[in-house]
Amino acid sequence: MAAAAGTWAFSFPALQRMRERLLQKASATDALQEAMAGEHGDIENDEATGTFVIGRGGYPNKDGIIQCDAAIMEGQPGRFGAVAALHGIGTPLAVARKVMDEAPHNFLVGDGAVAFAKDQGFAVEDNASMMSTQSTEAYKEYLEKGKTVKKRDTLGLIALDVYGNITVGVSTSGAPFKYPGRVGDSPLPGCGLYADKEIGAAAATGDGDMIMCFSPTFHVVLLMKQGLSPMDACQNVVQDILQRIGKENMFELGIIAMNMKGEVGAASSMSFPYCIWSRGKDFVEQLLKQ
């Protein structure tokens, strides 16, 4: 079995790349990284996708600096790597992968993450190179007019390979004009992502400051362990949060999940397009959760 899933419609080209690599029998981790941050993927490193709050061309913090968060988690126990408040590097997921594979730690932030990336051979660019015309203009309007941007997109990908390995990865430039050093849910295990080789994986997107209060991806995987389908697990988690805090306090949240059969589910508190592919299909599908 091989399958892939991604948050938001802009994950479509990433899933096309994952489909290609998974059919070539690449590992789930390699396929996911190449789709997000590789030579033929470059979603993180393309300033055109920065408007979706990812990597190069993303929205800077209130001091005008782009600081990115990213994480990767394999289903194999203990296989996790993350970076947060990382500046000057357009492929934060690739750095997170290096943390998982090479570092004696699992999570590096700020200047420490940058220093590690340098040690691993990553080139660190100045902030101006990370900004796009669009993000520069948006920051100018923020400074001059106090105009904010209410975007909470995050790229989340799940890959299941032919060997039965599952990997989930997430990447974001974080809340536009955030406080320097702010970390959202995306790189936090159990919040923005979670994976278990016996059960499946999940990724979340939305209001990170609220999502991290509920650990929804861990909850989804736990429900799948108890026998729920990915769709039912995601819907149960969203409904549980809604019941706990009330409709008037509900925040933006989208979740995708995949079990070890390659079955995919999703749920959300807002209109939420997502993409899926499974072996045997010649195309990537785009679906919508209302």
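Me: What is the relative accessible area of glutamate 34?

Reply: This is a predicted model, in which local features need pLDDT of at least 70 and side-chain atom pairs count only at pLDDT 80 or more, whereas totals for chains, interfaces and linings use all residues. Residues are numbered from 1 along each chain as its sequence is written, and side-chain values use heavy atoms, with hydrogens and water left out. With a 1.4 Å probe and protein chains only, buried means under 20% relative accessible area, exposed means over 50%, and partly exposed lies in between. Glutamate 34 falls in the partly exposed class because its relative accessible area is 24%.

Me: Which residue forms a salt bridge with glutamate 34?

Reply: A salt bridge requires a side-chain nitrogen of Lys or Arg within 4 Å of a carboxyl oxygen of Asp or Glu. For glutamate 34 the N to O distance is 2.7 Å, and the partner is arginine 21.

Me: How many residues apart in sequence are the parts that this pair ties together?

Reply: Helices (H or I, at least four residues) and strands (E, at least two) are DSSP runs, numbered from the N terminus. Arginine 21 counts as buried because its relative accessibility is 16%. Since arginine 21 lies in helix 1 (residues 12-23) and glutamate 34 in helix 2, the pair ties together parts whose separation in sequence is 13 residues.

Me: Where does arginine 79, the salt-bridge partner of aspartate 101, lie?

Reply: The closest N and O atoms of aspartate 101 and arginine 79 are 2.7 Å apart. The pair links distant parts of the chain, 22 residues apart, with aspartate 101 in helix 3 and arginine 79 in the loop between strand 2 (68-74) and strand 3 (80-86).

Me: What relative accessible area does arginine 79 have?

Reply: Aspartate 101 is partly exposed, with a relative accessible area of 32%. Arginine 79 is also partly exposed, and its relative accessible area is 25%.

Me: Why is helix 2 described as roughly antiparallel to helix 3, and at what angle do the two helices pack?

Reply: Axes are lines fitted to C-alpha atoms, for helices over the stretch in contact, and angles run from 0 to 180 degrees between N-to-C directions. Angles under 35 degrees count as roughly parallel, over 145 as roughly antiparallel, 65 to 115 as roughly perpendicular and the rest as oblique. Helix 2 (residues 28-37) and helix 3 (residues 92-102) have axes 9 Å apart and pack at an angle of about 150 degrees. That makes helix 2 roughly antiparallel to helix 3, the angle being about 150 degrees.

Me: Which residues of helix 3 are met by helix 2?

Reply: Contact means heavy atoms within 4.5 Å. From helix 2, the residues involved are Thr29, Asp30, Leu32, Gln33, Met36 and Ala37, and in helix 3 they meet Leu93, Ala94, Arg97 and Met100.

Me: In what order do the 8 strands of the open sheet with mixed pairing run?

Reply: Two strands pair if DSSP finds at least two bridges between them. Strand 11 and strand 12, for instance, run antiparallel and are joined by 5 bridges, with tyrosine 274 opposite leucine 287 in strand 12. The 8 strands form an open sheet with mixed pairing, in the order 4-3-2-6-5-1-11-12.

Me: Which residues does serine 278 touch, not counting residues up to four places away in sequence?

Reply: Serine 278 is found in strand 11 (residues 272-278) and counts as buried, at 16% relative accessibility. Its C-alpha lies 31 Å from that of phenylalanine 107, which is 171 residues away in sequence. With residues up to four places away left out, serine 278 touches Met1, Ala2 and Ala3.
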